[in-house]
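Me: I'd like to go through some labels on this model and see what each one rests on. Shall we take them one by one?

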Amino acid sequence: MEKSGMLTISDNTRTVLERRYLKKDTEGNLEETPEELFMRVATCIAEAEGAYEDGLEPSAVAEAFYRVMTEFKFLPNSPTLMNAGNDLGQLAACFVLPVEDSLDGIFDAVKNAALIHKSGGGTGFSFSRLRAKNCRVGSTGGVASGPVSFMKIFNTATEQVKQGGTRRGANMAILRVDHPDILEFIGCKEDNEALNNFNISVGVTDAFMQAVRQGGDYDLIDPRNGEPRGSLNARTVYETLVHQAWFNGDPGIVFLDRINRDNPTPEIGEIESTNPCGEQPLLPMEACNLGSVNLSRCVVTEGGTTRVDYEALKETLWLAVRFLDDTIEMSRYPLSAIDEMVKGNRKIGLGVMGFADLLFMMGIPYNTEEAVALAEKVMGFVQAEAHEASRHLAVSRGPFPNIDKSVFKGDENRAYRNATCTTIAPTGTLSIIAGCSSGIEPVFALSFVRRVMDGDELVEVNPLFEATARARGFYSDELMARIAKVGTIAHMEEIPEDVRAVFVTAHDVSPEWHIRMQAAFQNHTDNAVSKTVNLPRQATEDEVRDIYDMAFDLCCKGVTIYRDGSKENQVLSVSDAK
Ligand code: CDP
């Protein structure tokens with residue numbers, strides 16, 4: 001493949017790539033350039049093409065993959081960038097592992113998680129199958145220590161294994177709301193350090209939400225035999241959950257029945273957990289590789305007006321689906337059981353990033369009907385094209401092997417190559433590499449200090465805002481510094497009103513708009529949507545409850561809230577908060 005000249009990349013992109021992605025020798029010297037990284041990835045992934053009869057030359061496909069990545073129109077998840085064509089060869093970001101109710105089962109899961117973390121993947125677990133604290137242990141006559149106690153072992157193991165030498169392991173723990181230890185679980189992160197490598201979420205059922213609304217009690221269930229084992233007042237548990245989330249952001253909440261309504265292969269299993277950041281529900285032993293299209297690079301400007309270039313977007317989406325399907329073939333999974341499950345369902349998670357940038361470019365405020373309508377339109381298009389591209393691949397490559405055990409059985413119009421096609425990832429690092437706003441989030445601030453990767457700091461002024469400030473004649477270093485301190489321009493009268501309306505930040509967006517936006521994307525996403533509802537420090541518990549209620553009513557699959565200042569280690573922070 002021809003190397004098409006030097007890439008123009010920003011300092012931030014270069015810093016991130018050099019620190020974590022470019023191949024290094026044993027002494028830490030760089031062994032590749034950014035161009036070589038993208039070529040390594042493109043060549044490795046396109047190798048999969050050789051096994052199919054789609055009639056495309058691997059080298060031509062590699063060239064197309066290289067182009068779409070180096071134009072920063074599409075990027076695969078971090079493990080693909082780090083490991084494709086390298087020794088590890090594990091390319092997926094998301095895994096869910098089963099935790100069986102036995103010492104063997106628990107320690108198998110600890111070991112498998114360690115192997116996955118080493119390869120750069122994140123792991124989700126449902127601890128719901130473990131017997132409750134103080135239940136009898138048959139073989140010893142002693143008593144069980146319960147899910148929360150065992151989670152600490154997973155946490156310690158994670159602490160000791162730095163992911164692939166590059167990133168710290170990330171875990172999700174989910175416990176069903178009807179597990180007898182639910183109250184202990186809800187409070188288990190109050191001491192922030194005890195489970196610092198876990199995100200935790202309560203797995204809530206529709207029956208529980210109904211009990212909350214009626215003010216009644218609900219049964220706790222013994223996971224060993226499915227029998228009731230006491231009951232709790234639903235409203236009390238809900239209030240406890242809301243209080244804890246308000247207090248320090250954990251736990252989140254996932255709506256298990258909603259998630260399972262979208263489970264494409266219920267015959268193969270029930271979905272009990274998601275990956276660490278919540279956007280990818282998976283069956284036990286399933287993995288998924290993600291990829292994101294940068295919407296801010298799929299636009300055209302005519303006569304001073306910017307709009308989505310749907311033709312260009314379509315081309316990128318079709319290539320991305322092909323890329324992600326090829327990735328499944330090229331990835332080396334750490335366990336044969338995972339390999340089997342992944343190749344049976346062939347789930348991929350294509351999503352978008354740069355949505356807030358797109359809104360800036362189109363002059364649409366994030367917190368408006370117009371923005372929600374655009375979200376529906378763009379994601380509806382992404383979903384339809386991803387499905388169509390997957391169906392097209394199935395014609396030559398065959399549908400996913402488990403299709404006859406899926407909800408698509410016998411449906412010619414939905415004979416897909418992949419059991420799921422779309423996911424909205426956080427794109428925490430990908431968006432820095434691509435130089436765009438992350439996922440579907442509003443920008444955190446127009447000028448801010450970005451703390452990344454174990455304490456490093458990067459100072460940034462949003463380039464779209466800077467360009468507008470210069471064009472409209474109100475740019476000054478003094479003003480930019482002030483904005484970095486305050487974090488919002490909402491009340492700065494020296495800035496024209498229409499600019500203030502468009503350039504909103506996460507904290508200018510009320511919780512209702514955050515949830516409405518999440519719901520709009522969820523309407524057109526097979527898997528789930530990564531979204532944080534940011535709240536000011538003074539937000540109340542009532543507001544948190546309203547957010548949860550609204551997310552349930554609008555059919556979101558989960559919610560994560562974060563009240564400013566409620567956790568010490570913020571990934572993003574306006575300079576004032578430091
Ligand atoms: O931008 P990048 O591809 O690095 O990751 P992301 O979109 O922020 O996160 C996607 C998924 O990668 C998460 O939900 C986790 O499953 C996994 N991840 C991880 O395992 N460890 C991290 N430090 C970050 C992400």
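Me: Why is Arg516 called partly exposed?

Reply: Its relative accessible area is 28%. Buried means under 20%, exposed over 50%, and partly exposed is in between (1.4 Å probe, protein chains only), so Arg516 with its 28% counts as partly exposed. Before we go on: this is a predicted model, where local features need pLDDT of at least 70 and side-chain atom pairs count only at pLDDT 80 or more, while totals for chains, interfaces and linings use all residues. Residues are numbered from 1 along each chain as its sequence is written, and side-chain values use heavy atoms, with hydrogens and water left out.

Me: What makes Glu369 and Arg516 a salt bridge?

Reply: The closest N and O atoms of Glu369 and Arg516 are 2.9 Å apart. A salt bridge is a side-chain nitrogen of Lys or Arg within 4 Å of a carboxyl oxygen of Asp or Glu, so this pair qualifies. The pair links distant parts of the chain, 147 residues apart: Glu369 sits in helix 14 (residues 369–397) and Arg516 in helix 19 (residues 511–522). Helices here are DSSP runs (H or I, at least four residues), numbered from the N terminus.

Me: What about Glu369, which class does its relative accessibility put it in?

Reply: Partly exposed, at 49%.

Me: How do you know that Arg258 is buried?

Reply: Its relative accessible area is 12%, so Arg258 falls in the buried class. Its salt-bridge partner is Asp262, at 3.1 Å from N to O, and Asp262 counts as partly exposed at 31%.

Me: Where do Arg470 and Glu466 lie?

Reply: Both are in helix 16 (residues 463–471), 4 residues apart, about one turn of the helix.

Technical notes
Helix = DSSP H or I, 4+ residues; strand = E, 2+ residues; numbered from the N terminus.
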